[in-house]
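Try each task before reading its solution.

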Amino acid sequence: MIQNDLLLRVANGEPSHRPPVWLMRQAGRILPQYRKLRSTFSGFKEFIKTPHAVAEATLQPVDELGVDAAIIFSDILVIPEAMGLDYDMVEKKGPLFPTTIQQPTDIDSLASGEEAANRLQYVFEGLRQTKAAINNRLPLIGFSGAPWTLAAYMIEGSGSKTFSKAKRFLYQHPDAAHRLLDKLADTIIAYLRLKVQNGADLLQLFDSWAGILGPEQYRTFAIPYLQRICQAFPDTPVTVFSKNAWFALQELGQLDCQVIGLDWNTSVAYAKSQIRTDKRLQGNLDPCALYAAPESVEKQTLDMLQNFGGAHIANLGHGVYPDTPLDNVRRFVDTVKSFSYS
């Protein structure tokens, strides 16, 4: 029995006295103990492949900030790597794929489904060790990149302002793009099933590059695959976070998931008008708001909570930035925890 099950109860549609709170990227460089732990590894990939370090990094913000959930410390790009497309994590630049998908035949050799997911045993061992260390204090979130976002990296080869290579592939090779997205969806489902089996209580899909696509492309190349993944988990709460996909909120709101994450550019009122009322919303304070004076952080947090008006999971509208003042992160969390609906 989980002692603090507030997030689970809200995600499942049950009433609550206040919103639960956690932060995307809460395990990371805002914490001095994380920076110390990170310095003991030669690279980021070595770090995330070391289960005891994963457990420690996952629990650091729980102990430091008092958030209502832990999210396993990992990376979305472990899936392309397991499928056969290796990547490097370049310091201060981000991911880089030495080999990319350039033509339809490049998709043929990619592993998928359980074959690929079973190559990620270090992730599942990290989950097991984290779950044991949590000792039923609070829920553990498992996550994955969404099919479109992972495909974008696999074709583009790195982050990009435009993802023009990835978008060009959709226009020039739509059938091959669907084959790639099928393989990714199969792998994500197998991967997340193993995460649930090894301790994840909730799941989140990150479609970080949703806003790169136009409405029709997103409906064609993203929504059906998100729906397939959501339908694979009828007994586990799923959150879908599609950054800058305000144009597809109505379709996102019809997915068979429990929670829709909002970025800071999305109006709460507009989101409520588009999304089914049985969904819970998550978000959506601008991460840069945490650079303001502490009194402003508190005021903006309270304004956000009042805008949502209940049935809400408090979070930022994107991941917390590495140089965010730690005291202001605490102010955000503490403000939420002091808030009451009554």
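The model is predicted, so local features need pLDDT of at least 70 and side-chain atom pairs count only at pLDDT 80 or more, while totals for chains, interfaces and linings use all residues. Residues are numbered from 1 along each chain as its sequence is written, and side-chain values use heavy atoms, with hydrogens and water left out.

**Exercise 1.** Find which residues are the closest to the centre of the largest pocket.

*Solution.* Start with the term: a pocket is an open set of points on a 1 Å grid over the protein atoms alone, where a 1.4 Å probe fits, with protein on both sides within 12 Å along at least five of seven lines; lining residues have an atom within 4 Å of a point. The largest pocket holds about 1400 Å³ of space. Its lining has 38 residues, and Arg-25, Arg-29, Phe-44, Asp-75 and Met-89 are the closest to the centre.

**Exercise 2.** Work out which helix gives the largest share of the lining of the second largest pocket.

*Solution.* Helices are DSSP runs of H or I, at least four residues, numbered from the N terminus. Helix 8 (147–156) and helix 9 (164–172) each supply at least two lining residues. Helix 9 gives the largest share, 4 residues.

**Exercise 3.** Check the span of helix 10 against its number of residues.

*Solution.* Take 1.5 Å times one less than the number of residues. After the helix comes Gly-199, with a positive phi near 130°.

Terms used. Points joined across faces, edges and corners; volume = space filled by probe spheres on them.
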